[in-house]
Amino acid sequence: MHGLMMNRPLLISALLTHAERHHGTQQVVSRRVEGDLHRYSFAALASRSRQVAKALDAMGLEKGARVATVAWNGYRHLELYYGVSGSGRVLHTLNPRLHPDQLVWIVDHAQDQVLCLDKTFLPLVEAVAARLSTVRHFVLMADRSHMPEASKIPGLVCYEDLIAGQDDAYDWPELDENSASSLCYTSGTTGNPKGVLYSHRSTVLHTFASALPDALNLSARDAILPVVPMFHVNAWGLPYSACMVGAKLVLPGPGLDGKSLHELFEGEGVTLSAGVPTVWQGLLAYVQAQGLKFSSMKRTVIGGSACPPAMMQAFEQGYGVQVIHAWGMTELSPIGTVGTLKGYQQALSAEQQQAIKAKQGRGVFGIDMKIADEAGRELPWDGKASGELMVRGYWVIDQYLKGQASPLVDGWFPTGDVATIDADGFMNITDRSKDVIKSGGEWIGSIDLENIAMAHPAVAMAACVAARHPKWDERPLLIVVKKPGHELSREQMLAFFEGKIARWWTPDDVVFVDAIPLGATGKVQKNRLRDQFGDHLIRQGA
Ligand code: ADP
């Protein structure tokens with residue numbers, strides 16, 4: 001017997017229609033490439049998104065056609081989020097920090113037909129435009145006064161002219177909720193990048209779940225500033241969830257330095273932000289150096305790589321900003337787990353709470369998870385047994401775009417992360433499987449070592465990698481960037497580990513460097529560190 005309820009498709013356009021009808025005067029504020037602050041309402045966002053949809057119709061773009069963006073977080077990018085997906089095309093957000101060759105490869109693989117870019121990225125796109133054989137239209141996201149006099153891209157279209165040619169009388173199509181809505185490629189630190197093709201259904205369900213109180217706890221009383229780029233897994237869904245809940249959206253454009261961000265937090269009354277740990281390092285350093293405070297910010301979501309407990313404490317104890325530690329992946333749209341405390345845990349000591357919050361968190365409803373050993377046997381949730389983390393759920397990948405073999409194992413997606421899960425369901429990542437350090441057959445978790453090192457007052461950043469060792473195969477090697485003006489010796493650094501971990505986990509050596517290489521999404525590139533320092537211990541005559 002079927003239920004007798006309406007079967008309305010879950011569509012991204014419905015998020016925008018809701019925002020327009022119920023929160024029409026709510027604001028979207030953007031720092032523009034042009035240098036100024038732009039401000040308009042959800043009603044204006046909806047109207048201009050419909051103009052975008054009509055402009056794509058006028059270009060003769062079929063349903064399912066890919067429209068790429070190379071853009072900062074800003075209102076025109078947001079209009080494309082809704083105009084492209086809402087009209088049945090697929091929004092392909094490109095990461096401008098990728099190597100140009102990789103960009104060409106991805107555009108070609110995705111067969112993008114339109115490419116929309118911010119003016120900042122004109123040189124980047126001009127350099128590769130001739131190699132982008134599938135792209136029929138290049139659109140500069142600017143008004144006429146900011147168009148270049150001459151460009152190496154023939155027929156470069158002006159975004160404002162393009163949409164000015166359309167009125168906003170447009171009905172969003174009733175698409176199949178399983179149709180593709182957007183596309184994001186994984187960073188591809190090994191092998192070619194892989195395309196993750198989200199659907200309207202997966203996106204809307206992810207949006208619902210991300211807003212829950214024990215997830216990001218989003219509401220119409222929030223002003224959200226996603227520092228995480230809109231090209232990095234849809235800015236963790238915030239452009240969608242802000243419309244769902246009617247929150248003010250503050251988009252920082254190219255201004256991602258501590259000063260620009262802090263000004264925007266204060267000027268726009270931002271209550272919630274989100275980003276990877278490396279971004280917060282810059283902001284915290286600036287705020288500390290200038291003796292500033294956060295007057296409106298209540299929470300910040302930190303994920304993408306492990307949030308060092310020292311950073312969490314700096315935010316919470318130093319500035320009264322609650323840190324929400326979250327774990328996710330491109331293949332998970334991205335949210336998987338969020339580290340919010342359970343009721344009884346609120347009565348625990350501050351130290352015990354810190355230990356729980358340093359973990360990656362509990363599964364959000366919609367994500368099921370388990371850990372398995374090398375033979376695929378499920379491991380207990382005792383906080384000790386560690387194995388590969390496997391997930392399944394409403395917004396988890398089933399197939400990569402044009403993928404040959406299914407990535408799934410018995411219906412579960414293997415994440416490549418090594419984790420424990422405790423009896424309360426808190427998952428803790430000890431490593432990515434490819435970054436694990438195997439010393440004499442035993443695993444050493446690099447994240448634990450990094451978290452300890454980062455708590456040292458003289459350490460700005462630390463990464464721990466496996467270095468080859470004649471006796472133990474691999475031993476941990478710590479790479480450290482010192483804070484400016486601080487002194488730290490190898491011996492002092494190693495002594496700092498004493499009593500905090502099993503003695504045999506202590507790194508064999510410390511290498512001080514000026515900078516640690518970061519990838520396109522702000523994560524430490526351990527493969528590059530291994531290339532550089534993999535033989536360090538052997539060279540030292542270990
Ligand atoms: P994203 O682009 O969302 O960062 P990627 O697919 O590039 O996603 O990377 C996902 C990986 O990032 C995860 O498999 C995990 O190794 C790492 N990661 C994400 N969040 C965390 C976290 N909070 N702690 C530790 N590692 C994390």
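In this predicted model, the centres of domain 1 and domain 2, taken over C-alpha atoms, are separated by 30 Å. The contact between the two domains draws 19 residues from domain 1 and 15 residues from domain 2. According to the domain assignment of the chain, domain 1 spans residues 24-421 and domain 2 spans residues 435-539.

The interface was then examined by area and by the kinds of contact across it. The size of an interface is often expressed as the accessible area that is lost when the parts come together. Between domain 1 and domain 2, the buried area amounts to about 1,400 Å². Carbon and sulfur atoms contribute 59% of that area. On the side of domain 1 that touches domain 2, the elements giving two or more residues are helix 10 (277-290) and helix 11 (309-319). Five residue pairs are in polar contact across the interface of domain 1 and domain 2, with both residues of each pair at pLDDT 80 or more. By contrast, zero salt bridges are found across this interface.

An open sheet is formed by seven strands, arranged in the order 7-6-5-3-4-8-9 with mixed pairing. Strand 7 (157-158) and strand 9 (195-199) lie at the edges of the sheet, and each has a single partner strand, so one side of each remains without a neighbour in the sheet. In general, the strands of a sheet pair through backbone hydrogen bonds, in either a parallel or an antiparallel manner. Within this sheet, strand 4 (residues 90-93) pairs with strand 8 (residues 180-185) in the parallel sense, over two bridges. His-92 has Leu-183 of strand 8 as its bridge partner. Helix 7 (residues 200-211) packs on the sheet, where it touches strand 8 and strand 9. The direction of helix 7 makes an angle of about 75° with that of strand 9.

The peptide bond from Ser-333 to Pro-334 is cis, its omega being near 5°.

Methods: Residues are numbered from 1 along each chain as its sequence is written. This is a predicted model: local features need pLDDT of at least 70, side-chain atom pairs count only at pLDDT 80 or more; totals for chains, interfaces and linings use all residues. Side-chain values use heavy atoms; hydrogens and water are left out. Two strands pair if DSSP finds at least two bridges between them. Helices (H or I, at least four residues) and strands (E, at least two) are DSSP runs, numbered from the N terminus. Contact means heavy atoms within 4.5 Å. Axes are lines fitted to C-alpha atoms, for helices over the stretch in contact, and angles run from 0 to 180 degrees between N-to-C directions. Domain bounds come from an automatic or database domain assignment. Buried area is the accessible area (1.4 Å probe) that two parts lose on being put together, summed over both. A salt bridge is a side-chain nitrogen of Lys or Arg within 4 Å of a carboxyl oxygen of Asp or Glu. A polar contact is a pair of N or O atoms within 3.5 Å; within protein, one must be able to donate a hydrogen and the other to accept it, and residues adjacent in sequence count only if both atoms are side-chain atoms.
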